[in-house]
Amino acid sequence: MAIHPLFKRLSGQVIWALLEEAGLDPDAIDAFMDRFEKLRAETLSLLDELDNEGGALEIVARNATCPACESCASLVGRCIPGDVPAPYSLMPPYGLGCRLTARHLPPATLMTNTDARLLIDPEDLPVGGPMCSCAMEQDDLARWLLPDQEK
């Protein structure tokens with residue numbers, strides 16, 4: 001299986017250095033790394049579902065109290081068809097602290113989802129560095145560290 005672009009380019013050492021530069025203390029960085037590893041596992045699980053069951057991935061906000069940033073807001077609700085080359089390269093997260101995720105839509109669900117818009121052009125994706133543009137604010141990084149049910 002191919003590797004998602006974010007996870008391919010960021011090692012634990014790189015993430016640690018980025019977060020130190022953002023002013024987080026070691027305990028907060030450890031918590032962030034735990035969330036990052038959970039996110040990596042969730043993303044790989046979604047890709048496995050897509051590979052095994054077909055269908056598409058729908059881009060969704062991670063939770064309602066922390067909506068997508070301006071760069072990504074137009075992507076919410078769009079779908080990445082499983083049959084496009086390298087669908088993993090189109091799916092969130094687009095940077096550390098990204099507020100988007102994806103959910104698997106099996107073929108039967110996809111056929112009934114008339115609101116889904118296809119996302120097939122990489123030019124629609126946000127351009128930036130390894131961190132979401134919103135994540136550089138301390139409050140936003142702190143929110144990203146909280147478990148989903150606490151946000």
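In the protein chain, 78% of the contacts with a separation of 6 or more are made by residues 24 or more positions apart, a contact being defined by heavy atoms within 4.5 Å. The model is a predicted one, in which local features need pLDDT of at least 70 and side-chain atom pairs count only at pLDDT 80 or more, while totals for chains, interfaces and linings use all residues. Residues are numbered from 1 along each chain as its sequence is written, and side-chain values use heavy atoms, with hydrogens and water left out.

The secondary structure comprises five helices and four strands, taken as DSSP runs (H or I of at least four residues for helices, E of at least two for strands) and numbered from the N terminus; along the sequence these elements follow the pattern α-α-α-β-β-β-α-β-α. Of the 151 residues in the chain, 43% are buried, where buried denotes a relative accessible area under 20%, exposed over 50%, and partly exposed the range in between (1.4 Å probe, protein chains only).

Helix α2, spanning residues 12–21, has Ile15, Leu18 and Leu19 as its buried residues. Viewed down the axis of α2, these buried residues fall within an arc of 95°, so they line one face of the helix, the arc being that of the directions from the helix axis to the C-beta atoms. Exposed residues Gln13 and Glu21 are carried on the face of α2 turned away from the buried side, and the helix is followed by Gly23, which has a positive phi near 95°.

Helix α3 covers residues 26–53 and, with 28 residues, reaches 40 Å from its first C-alpha to its last, close to the 40 Å expected at 1.5 Å a residue; the expected span is 1.5 Å times one less than the number of residues. The N-terminal end of α3 is capped by Asp25, a side-chain oxygen of which lies 2.9 Å from the backbone nitrogen of Asp27, and the helix is followed by Gly54, whose phi is positive, near 75°. The buried residues of α3 include Phe32, Phe36, Leu39, Leu46 and Leu50. Thr43, also in α3, counts as buried because its relative accessibility is 3%; leaving aside residues up to four places away in sequence, Thr43 touches His4, Phe7, Met91, Pro92 and Pro93.

Four salt bridges are present in the structure, each requiring a side-chain nitrogen of Lys or Arg within 4 Å of a carboxyl oxygen of Asp or Glu. In one of them Arg40 pairs with Glu37, the closest N and O atoms being 3.3 Å apart; these two residues are three residues apart in α3, and are therefore separated by about one helical turn. Both members are partly exposed, Arg40 with a relative accessible area of 24% and Glu37 with one of 40%. Lys38 forms a salt bridge with Glu42 at a closest N and O separation of 3.8 Å, and this pair, four residues apart in α3, is likewise separated by about one helical turn. Arg103 and Glu58 form a further salt bridge, with their closest N and O atoms 2.5 Å apart. This pair links distant parts of the chain, Arg103 lying in strand β3 (residues 100–105) and Glu58 in strand β1 (residues 56–61), 45 residues apart. Arg103 is partly exposed at 41% relative accessible area, whereas Glu58 is buried at 11%. Finally, salt bridges that share partners join Lys38, Glu42 and Arg62 into one network.

Methods
A polar contact is a pair of N or O atoms within 3.5 Å; within protein, one must be able to donate a hydrogen and the other to accept it, and residues adjacent in sequence count only if both atoms are side-chain atoms.
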